[in-house]
Amino acid sequence: MIKLDLSHAKLNESPSVWKDKVAELDAALVNKTCAGSDFTGWMTWAQDYDKEEFARILTTAKKIQDNSDVLVVCGIGGSYLGPRACIEMVNGLYPMNQKVEVIYTGNTFSSTYINQVMEYIKDKRVTVNVISKSGTTTETAIAFRILKQFMEDKYGDEAKDRIIATTDRARGTLKALADKEGYETFVIPDDIGGRFSGITPVGLLPIAVAGISIEDVLKGLGDGMKEYGSANIDENPSYQYAVARRILQNQGYDVEMFVEYEPQMQKVAEWWKQLFGESEGKDGLGILPDSAVFSTDLHSLGQFIQDGKKVLFETNLYVDQPPVDFPFPSDKENLDNMNYLAGKSIDWVNKMAAQGTLDAHENTGGVPNIVLTMPGMTAYDFGNMCAFFFKAIAMTTLLNGSNPFNQPGVEVYKKNMFKLLGKE
């Protein structure tokens, strides 16, 4: 369970003041009477997921592990951020025991990047997982056409056995193509939006291919939905966080800096930014989500946070027990004068840096800080974290009077781009 500490947040009122409104909106969320309620399937997904499809995911993942060096995930937004966040958080940036490397495309128009991916995989054993609800998302469609031709040139008739489509159950361009070509398919649920979809087949297949227990992901999600399920804000840290954000914005803080101290959680921050930015950034409202990895970014953004204009608050995501820790070595000559740390664990140093930064930003810099602490960086922890932030973003956006589950603004750039590209 994620622990919440608001003692550094400089709130001018207690979240408990919002108790009645939170209970009212929680009832609307649970009873599916809130705005966007058709997209709340994530709330019961840990129990309602298709067990037969789950078994096929495990079988397919094992097949990919046996016959491939690389899985290319072709998707954008929630179609790749969720699985990538989980895989990097759990396995690290340089995994030693991951049988299949997972790489990503379909998330950019960059010709250089796409070409580098194609050059990288040309002599490897490859499986492709294309992920799109409609099949018409332009970034993904461009990359997939290139990948499809590559796979057919490389494997001939066998290509259809090495391309997997995660898409709509019955409709759309990609579904029609998958049926025609005979690709293995997995379903993007109709009632779960893209930025919530990392806990569905969208994320579960790549996560399983990376050797991570998807059973543990769903167990963490299910337990989290119970732990953060109370309508009583005094018993629900997820809702307390949701309300604290609204209080801080009312106090004039329009930017939230999401901070972690583990580099392999950088994509968790990217996933969080999409979840929060697309969910509440509408109707002229919302908090701008930003992120930093400390202590690295203390040597760049740290100056602004400490002494710059007071437009932001920080949400720190600490990890109680990292996957690996080890002691700092002693050196006989001590020419670097670092022996004062000899025998101390590196994670202890990291935690002291976090404590010192919190004190500096709060007490000298005057920056409000929310502190979240998760137990570890396991598959279970990832699922539990998803539950925490899913519930929080639903509540905090409903408190603004907006629909947490649509993203109308995203469509504007697409219309402009299609016009410039000459698409009819």
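Start at the second largest pocket, where the lining holds five nonpolar, four polar and three charged residues. Nonpolar here covers Ala, Val, Leu, Ile, Met, Phe, Trp, Tyr, Cys and Pro; charged covers Asp, Glu, Lys and Arg; the others, Gly among them, are polar.

The model is predicted, with local features needing pLDDT of at least 70 and side-chain atom pairs counting only at pLDDT 80 or more, while totals for chains, interfaces and linings use all residues. Residues are numbered from 1 along each chain as its sequence is written, and side-chain values use heavy atoms, leaving out hydrogens and water.

**Stop 1: the second largest pocket**

Select N91, G92, E262, Q264, P322, P323, V324, D325, F326, I346, D347 and N350; they line this pocket. A pocket is an open set of points on a 1 Å grid over the protein atoms alone, with protein on both sides within 12 Å along at least five of seven lines; a lining residue has an atom within 4 Å of a point. The space here is about 370 Å³. Such a volume is the space filled by probe spheres set on the points, which are joined across faces, edges and corners. Now colour helix α13 (residues 346-364): with three residues, α13 gives the largest share of this lining. Helices (H or I, at least four residues) and strands (E, at least two) are DSSP runs, numbered from the N terminus.

**Stop 2: the largest pocket**

Move to the largest pocket, with about 800 Å³ of space. Its lining has 34 residues; select K133, T137, G194, Q407 and K414 to see those closest to the centre. Next, show α4 (78-91), α6 (138-155), α11 (266-280) and α15 (410-421), each of which supplies at least two lining residues. Which helix gives the most to this lining? It is α15, with five residues. By class, the lining has ten nonpolar, 14 polar and ten charged residues.

**Stop 3: the enclosed cavity**

Select W45, Y49, D50, E53, F54, I57, P201, L204 and L218, which line the largest cavity. A cavity is a set of grid points where a 1.4 Å probe fits but cannot get out. The count is one cavity of 30 Å³ or more, and the space in the largest cavity is about 40 Å³. Both α3 (51-67) and α8 (201-209) supply at least two lining residues; α3 gives the most, with three. Seven lining residues are nonpolar, none is polar and two are charged.

**Stop 4: the cores**

Select W42, L221, W271, M385, F389 and F390. They have the most contacts inside the largest nonpolar core, a set of 89 residues. Helix α14 (residues 379-399) gives the most to this core, with 14 residues. Another core lies apart from it, with 23 residues, including V117, L147, M151 and A165. A nonpolar core joins buried Ala, Val, Leu, Ile, Met, Phe, Trp, Tyr and Cys residues through side-chain atoms within 4.5 Å. Buried means under 20% relative accessible area, exposed over 50%, partly exposed in between (1.4 Å probe, protein chains only).

Zoom in on W271. Beyond residues up to four places away in sequence, W271 touches L81, G82, A85, R195, M385, C386, F389 and F390. Contact means heavy atoms within 4.5 Å.

Then pick W272, in helix α11. Is W272 buried or exposed? W272 is buried, at 0% relative accessibility. Leaving aside neighbours within four places in sequence, W272 contacts Y241, E256, F258, P289, D290 and F389. From W272 to D290 is 18 residues in sequence and 9.2 Å in space, C-alpha to C-alpha.

**Stop 5: the cysteines**

A disulfide is a covalent bond between the sulfur atoms of two cysteines. The rule here takes a pair of cysteine sulfur atoms within 2.5 Å, and the count is zero. Select C86 and C386: the C386 sulfur is the closest cysteine sulfur to that of C86, yet at 7.6 Å it is too far for a bond. C86 is buried, at 0% relative accessibility. C74 is also buried, with a relative accessible area of 0%.

**Stop 6: the backbone exceptions**

Most residues other than glycine have a negative phi, and most peptide bonds are trans. Select F294 and S295: a cis peptide bond joins them, with omega about 10 degrees. S295 sits in the loop between β8 (288-293) and α12 (302-307).

Next, go to K32, in the loop between α1 (19-30) and α2 (45-48). K32 is not a glycine, yet its phi is positive, about 60 degrees. K32 is partly exposed, at 45% relative accessible area.

Finish at N334, in the loop between β9 (312-319) and α13. N334 is not a glycine either, and has a positive phi of about 50 degrees. N334 is partly exposed, with a relative accessible area of 22%.
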